[in-house]
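Subject: Structure for your files

Hello,

Here is the structure for you to look through. My notes on it come after the model.

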Amino acid sequence: MPSQWHMLTGEEVARMLAVDQSQGLGEKEAEARYREVGPNDLPRQQGVPLWQMFFNQFKDFMVLVLLAATAISGLLGEYADAVTIMLIVVFNAILGVLQEFRAEKSLAALQKLTAPEARVVRNGQEKKILAARLVPGDIVLLEAGDRVPADVRLLQTAQLEVEESILTGESLPVRKDPATTGSGVGERRNMVFMGTMVTRGRGRGIVVATGPATEMGQIARLLAGAQHEPTPLQRRLAQLGGYLVGFCLLICAAVVVLGVYRGEPLYNMFLAGVSLAVAAIPEGLPAIVTVVLAVGVQRMARRQAIVRKLPAVETLGCATVICADKTGTITQNKMQVRQVVTAGGSVAEITGQGYEPRGQLKFLRGRESRDWQLLMKAAALCNNAVLKRGGLSISGFFRGRAAGQYDGWQVQGDPTEGALLVMAARCGFWREKLVRPEEIVAELPFESERKRMTVLVREKTGLVAYTKGAPDVLLELCTHACRGEQIVPLTEDVKQQIMQQHSGMAAGALRVLAFAWRALPSADMELSPENVERQMVFLGMAGMYDPPRPQVGGAVALCRRAGIKTVMITGDHRLTAQAVAQEIGLMGRGDQILTGQELDRLPDHELSARAEKVSVYARVTPQHKLRIVRALQENGHVVAMTGDGVNDAPAVKKADIGIAMGQSGTDVTREAAGMVLADDDFSTIVAAVEEGRGIYDNIRKFIRYLLSCNVGEVLVMFVAVLAGLPLPLLPMQILWMNLVTDGLPAMALGMDPYDRDIMFRPPRHPRENIFTGGLGWRILGSGVLIAAGTLLVFALAWYQSKQLDLARTMAFNTLVFFQLFYVFSCRSEYHSIWEVGLTSNPYLLLAVAISAALQLLVNYVPLLQRLFHVVPLHPVQWGLVVAVTLLPLLLGTVYRTLQKRLKEKIMYLRV
């Protein structure tokens, strides 16, 4: 009865689902329910079975024509030829199935990498699990930025608002209340539904429906048929493939017509033309592109960069600016309070290791008094983090939100709040000892626009508000200050002194938070921000330090060498941001810092002009991020933007490469992003850019290989017919050559390691043609060289021996080994084979070895000799074949070596 859950009270729902509201389900009970109801997944499109993949390989028009020609061959009594061609076609189909199967498996693996998670309570412990493992009865915790993982009957809420447009079409978020009921889906305020987004507040509820039983499950049937969209590169290559098909068919038709005109049998020429077309058309190109993209994405995942959208892979190689959050991305997000300054003038240093609630408290000035005690209470109570000892269960591909462990103590929650909680505990102020849960009346949650958070607590003296937030913001809300034991008016001189202290702390790279307090005049007043957060008493400030990540300095320097500008964005004070930027070498000569207030005063055209010189944006809001992205894009930059909060989503989506945080990020931001950082580390972004460049390089490598070989094959047949020579290759030889050269070597080339200096090159233009950089001329030149060498060997053998089978055997082997040796030349556009390393890609060596062994079997197994019409070659003949086929590799190596020495000499002369 999923549609009736909203009519029941929370206690009735818990009783019906046999779950304790405070303890949640036990693991054994949850596992039993999972086996009963199955995974919490929506219906998806079923994958294509292997047998269907196999038969799909025979739907291609050219293959069907070839099969028809094979049948005609059998009817004419050419049984050996018919069987041979049929076997080659079947083997080719098997290879196509392997490529397609590999691509589907790779894409399925990518979907698993971005599996959503849910926070639940099981056995009384909060933990993260894969959303697919949720079962009815699970107690789920929700907060702003989360995607609702199942249909949930709410038990408790704190200003919870949910965006439900995907279900109801209502664009505005809906305020949720556990006590209300309603009839339609959009009116059920005590429920939240799978797939909707939490935009504000927090909530706790019981899962009442999962998977197909959810409201979203009814919509899923409409979405299950959605197809995977090709990337822009795949679309361009598909278009290229169409042009190549037309060109190849034209050339093959010309070969057939010229051959018949010369007196060759129509059947033989028809079969030769079809075989040549099958070999020349790069039908495996789309599959190999998909495999390379997917394998590259999985390689990126091993480096903690999880790609959600394949186009992001292509765009990564074009990035010219990386805009990164300071906290958690550039820094370690392991905040530690180092200094506390009270409104009364006391200054203290707090030391300790990690999250252990033991350390040393040293007063540099003043002593512990009322302002100190109230500040510590505010730090402990105005806080949603949890400090505890023992194991923390975290599952899934993303680790728990900013969770860490040191000396057995763990913080679960926001790192800044965790640092404050540890500080208070080290000074003897434990939240659990200060208040009971029922004494916390309400919370005004932190929002980036308000830059503050307030908790209302019922104490013996009445209702009290504790607030923490940015010092400049809190000072505007305060009318008094607590100085020692007394509360005095907050004069402008005192405000100025406080801000000077704040500037001094910020200059030391400390992130500063301020605290305020207020005894409310009436317990019956409306608990709104406007009523509560005014006429407050300023208590003091705490300065925290978040050290930069160890690898960030090197990553910033690598970006500079790669022609990529790094921009740091933070909500921290200008001086704090400047200190961190200087420490990691981010700011160069002439670089500027721009604050949020300054940014607000700049019109868009002035911001675009200044954006080129700005390396640090301080005191900015998520809304500012969107303006920064637009300003950089107007200057022609390809922008990568990081984000974690709900309000970051527009900027992340607007950026060319949206990057969400895996640990501290919200589901909303992950949905908008093309890539997720599993470790929130800036150096991972740089590693992803390197991978993106490498993937594109590998695609160019096998395009060069595939098309050069196809051009060579077509030219061999075309020029031979024009020159009046006998056909150098028979149809089954052409098909066999296509099988052994275009399959394994091309796939292995797609997994080639990247050039070591790939990050020393400038970013490529996003609309760059695939043949840019002389690739088209290299393909044409290599194809001509391959064809010329093959025709030379064929002509020599034919004119000297007058034995057509011998001449064809030599041409056949020359063309095959030309391609097998040429694949090594395609491994780099910038370095010789010796610089790349002959053994650096063992997959390629194995692929070439297998292909060469298969070719030798054709030459020396008697049965295969008869089927392919070849004869054994003498060592001298093999010497000619090897010498000619090695020529392009040797010439390429010599050319690149001379080119490199010439560049070095020019650079030396300039110096």
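The notes below start with the whole chain and then turn to aromatic rings, charges over rings and a surface patch.

This is a predicted model, in which local features need pLDDT of at least 70 and side-chain atom pairs count only at pLDDT 80 or more, while totals for chains, interfaces and linings use all residues. Residues are numbered from 1 along each chain as its sequence is written, and side-chain values use heavy atoms, with hydrogens and water left out.

Whole chain

The chain has 34 helices and 28 strands (DSSP runs numbered from the N terminus: helices are H or I with at least four residues, strands are E with at least two). Of its 911 residues, 56% count as buried (buried is under 20% relative accessible area, exposed over 50%, partly exposed in between, with a 1.4 Å probe and protein chains only). Taking contacts between residues at least 6 apart in sequence, 73% join residues at least 24 apart (a contact means heavy atoms within 4.5 Å).

Aromatic rings

There are 5 aromatic pairs in the structure (rings of Phe, Tyr and Trp, the last by its six-membered ring, with centres within 6.5 Å; planes under 30 degrees apart are stacked, over 60 edge-to-face, the rest tilted). One of them joins Phe817 and Phe821: the centres are 6.2 Å apart and the planes at 40 degrees, so this pair is tilted. Both residues lie in helix H30 (residues 804–825), 4 residues apart, about one turn of the helix. Phe817 also pairs with Trp878, edge-to-face, at 5.9 Å centre to centre and 90 degrees between the planes. Trp878 belongs to helix H34 (residues 875–910), so its pair with Phe817 of helix H30 ties together parts 61 residues apart in sequence. Phe817 is buried, at 11% relative accessible area, and Trp878 is buried at 16%. Ring pairs link Phe817, Phe821 and Trp878 into a cluster.

Charges over rings

Arg764 lies over the face of Tyr696, 3.5 Å from the ring centre (the cut-offs are NZ of Lys or CZ of Arg within 6 Å of the ring centre and within 35 degrees of the ring normal). The charged end of Lys802 sits over the ring of Trp798, at 5.3 Å from its centre.

Surface patch

Helix H32 (residues 842–860) gives the most to a nonpolar patch, with 4 residues. Ile850 is found in helix H32 and is partly exposed, with a relative accessible area of 36%.

Regards
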